[in-house]
Amino acid sequence: MDITILGIESSCDDTSAAVLRNNVLLSNVIASQAVHVKYGGVIPELASRAHQQNIIPVVDTALKEAGLTPEEIDAIAFTRGPGLLGSLLVGVSFAKGLSIAHNIPMVEVNHLQGHILSHFIDLQDRALPHPGFPFLCLLVSGGHTQIVRVDSPLEMEIIGTTIDDAAGEAFDKCAKVMGLPYPGGPVIDKLAKEGDPKAFRFARPHVDGYDYSFSGLKTSFLYTLRDAVANDPGFIENNKASLCASLQKTIVEILLDKLVRASKDLGIRDIAIAGGVSANSGLRNGIVEEGRRRGWRTFLPEFKFTTDNAAMIAMAGYYRYQHGDFSSLGVSPVARLQELHEPDAAGHKKAPGRTAGSRSGRRGKALRASTKAIYLECKDRTGDTVVIDILAHKLHQMFLGTADMNDTCRLAGFKAGRSPQRTGIVMGAVRHEQLLLLIGGNHRKRLVEFRNHVIAYIFGVVTVIDIITRSLPLFQKQSSFMAAEIGHHIP
Ligand code: KG4
Ligand code: ZN
């Protein structure tokens with residue numbers, strides 16, 4: 001039986017949604033956030049706002065491109081972590097919203113496993129090469145640098161990791177020192193092609209085992225530039241390409257050194273790379289050359305699967321789905337890897353009564369059939385658009401009377417404390433941009449009371465210029481009735 005998975009990725013600064021049928025990619029939509037470029041790095045607050053603006057059109061487009069309606073999706077796979085909490089919260093909340101609205105089970109995915117499992121995706125017009133188990137994956141991104149031993153799609157072990165900066169971070173930070181735009185990796189890669197990789201030498205780390213370190217290299221790069229610029233203010237400009245080529249060569253050699261060692265020690269010769277830095281031409285060539293010399297089978301991801309994308313999340317979700325690892329509506333995002341349930345799927349709770357292919361018993365009867373979705377937007381006193389963001393399932397529990405406002409505020413990541421009305425909902429209104437209200441039709445009366453509250457709270461601090469309910473393409477049918485009703489409360 002075919003399994004169709006919708007993947008949602010929002011861990012950093014790319015909002016992405018993708019649809020896979022089994023392991024075949026039907027669509028993969030990525031909205032990258034240009035807003036960070038002028039700051040030279042990702043600003044978490046801006047990232048979560050941009051995710052909130054992007055997520056609905058991105059998911060909608062992914063479904064349209066796949067030619068599917070939400071009802072045809074078997075599970076929603078979402079990135080639970082690691083990543084930026086505010087960014088993750090958008091994807092997780094949205095997944096919950098969609099899950100409740102359409103009665104679709106959720107599957108949580110570890111972002112890093114997603115990167116690794118992107119090697120198992122096939123395209124509609126051609127199959128891609130897949131590594132055999134066990135294989136080693138060098139996972140190199142802006143936040144991580146690891147060697148992972150992969151024994152199966154659900155069994156992975158990190159055997160080496162960076163003790164300080166990640167490889168992508170080293171690229172980005174050194175680029176910044178040279179006055180290059182963010183993200184620096186691709187820019188360095190391009191400039192390096194014109195430069196002499198042997199022109200400069202930078203410090204190399206001495207770290208035990210299969211671990212990595214890049215902070216020494218970064219400092220050495222900085223000092224080299226500082227000293228040279230003191231003598232020649234035009235030094236960077238005149239040597240940019242060779243600085244980039246030498247830096248890239250050093251990073252690639254550091255990465256390969258430990259990978260070669262791990263492959264020798266473990267006798268594993270299927271070698272893959274993944275993550276944003278796996279797009280680097282120097283690393284790609286380096287791995288292939290090394291592989292030729294050592295009899296490796298090397299696996300380079302398609303470029304579209306190197307940086308963050310939801311296709312890889314859907315792929316990882318597919319394996320979890322097959323294993324029956326579903327997430328409950330109580331799931332919350334986690335920023336750090338250590339806090340995630342680790343790869344071993346056996347450690348995951350299985351939802352009782354939920355097995356792959358069976359939709360019965362997924363959730364309580366009350367949630368079925370008449371669930372409605374609404375998206376509220378309003379403007380704060382600066383004229384910025386603000387919409388309240390509340391964890392959809394918590395909201396639902398409130399309608400059922402099983403959670404209180406305080407709880408909701410806390411769970412939504414706002415300061416609850418003394419007065420949830422002020423610090424919670426209102427802060428939410430100011431800081432976050434969306435409210436995805438999921439409304440069980442059976443609880444309409446409670447909802448009306450609750451909604452009056454929300455609006456009253458907003459009025460307390462924020463001048464509401466306008467409240468718009470938008471009928472989302474995804475939810476069009478369900479939302480029209482509620483839209484009319486909310487309009488009634490606008491003064
Ligand atoms: O996997 P990714 O999109 O996000 C994280 O999970 O971090 O990786 C982003 C990182 C950035 O540091 C970026 O500079 C780096 O990947 N990157 C590259 C290249 N393309 C992206 N680094 C070197 N060469 C590239 N061609
Ligand atoms: Zn990533």
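User: In this predicted model, how far is an oxygen atom of ligand 1 from an N or O atom in the side chain of histidine 115?
Analyst: A polar contact requires a pair of N or O atoms within 3.5 Å. The pair formed by an oxygen atom of ligand 1 and a side-chain N or O atom of histidine 115 is separated by 3.3 Å.

User: Which residue has a side-chain N or O atom 2.6 Å from an oxygen atom of ligand 1?
Analyst: Among the residues that come nearest to ligand 1 are Gly142, Asp172 and Asp189. The side chain that places an N or O atom 2.6 Å from a ligand 1 oxygen belongs to aspartate 172.

User: What share of the exposed area of ligand 1 does the protein bury?
Analyst: Backbone takes part in the contacts too: a backbone N or O atom of glycine 185 is 3.1 Å from an oxygen atom of ligand 1. Taken alone, ligand 1 exposes 550 Å², and the part buried by the protein is 89%.

User: Which elements give two or more residues to the shell around ligand 1?
Analyst: The space that ligand 1 takes is the largest pocket. Two or more shell residues come from each of these elements: helix 3 (111-117), helix 4 (167-177) and helix 5 (184-192).

User: How many residues of the shell around ligand 1 are polar?
Analyst: There are 19 residues around ligand 1. Five of the shell residues are nonpolar and three are charged, while the number of polar ones is 11.

User: Why does the salt bridge of arginine 80 tie together parts that are apart in sequence, and how far apart are they?
Analyst: The model has 18 salt bridges. In one of them, arginine 80 pairs with glutamate 108, with the closest N and O atoms 2.9 Å apart. Arginine 80 is in strand 4 (residues 75-81) and glutamate 108 in strand 5 (residues 106-110), so the parts tied together are apart in sequence by 28 residues.

User: Where is proline 82 found?
Analyst: Glycine 81 and proline 82 are joined by a cis peptide bond with omega about -10°. Proline 82 sits in the loop between strand 4 and helix 2 (85-102).

User: Where does proline 134 lie?
Analyst: The peptide bond from phenylalanine 133 to proline 134 is cis, and omega is near -10°. Proline 134 is in the loop between helix 3 and strand 6 (135-140).

User: What is phi of asparagine 22?
Analyst: Asparagine 22 is placed in the loop between strand 2 (14-21) and strand 3 (24-32). Its phi is positive, in a residue other than glycine, with a value near 55°.

How values were computed: Residues numbered from 1 in each chain as written. Chains lettered and ligands numbered in written order. Predicted model: local features only at pLDDT ≥ 70, side-chain atom pairs only at ≥ 80, totals over all residues. Heavy atoms only, no water. Near = heavy atom within 4 Å. Polar contact = N/O pair within 3.5 Å; in protein donor to acceptor, adjacent residues only side chain to side chain. Areas by Shrake-Rupley, 256 points an atom, 1.4 Å probe, with all protein chains shown as cover. 1 Å grid on protein atoms, 1.4 Å probe; cavity = no way out; pocket = protein on both sides within 12 Å on 5 of 7 lines; lining within 4 Å. Sits in = over half its atoms within 2 Å of the grid points. Helix = DSSP H or I, 4+ residues; strand = E, 2+ residues; numbered from the N terminus. Nonpolar A, V, L, I, M, F, W, Y, C, P; charged D, E, K, R; others polar. Salt bridge = Lys/Arg side-chain N within 4 Å of Asp/Glu carboxyl O.
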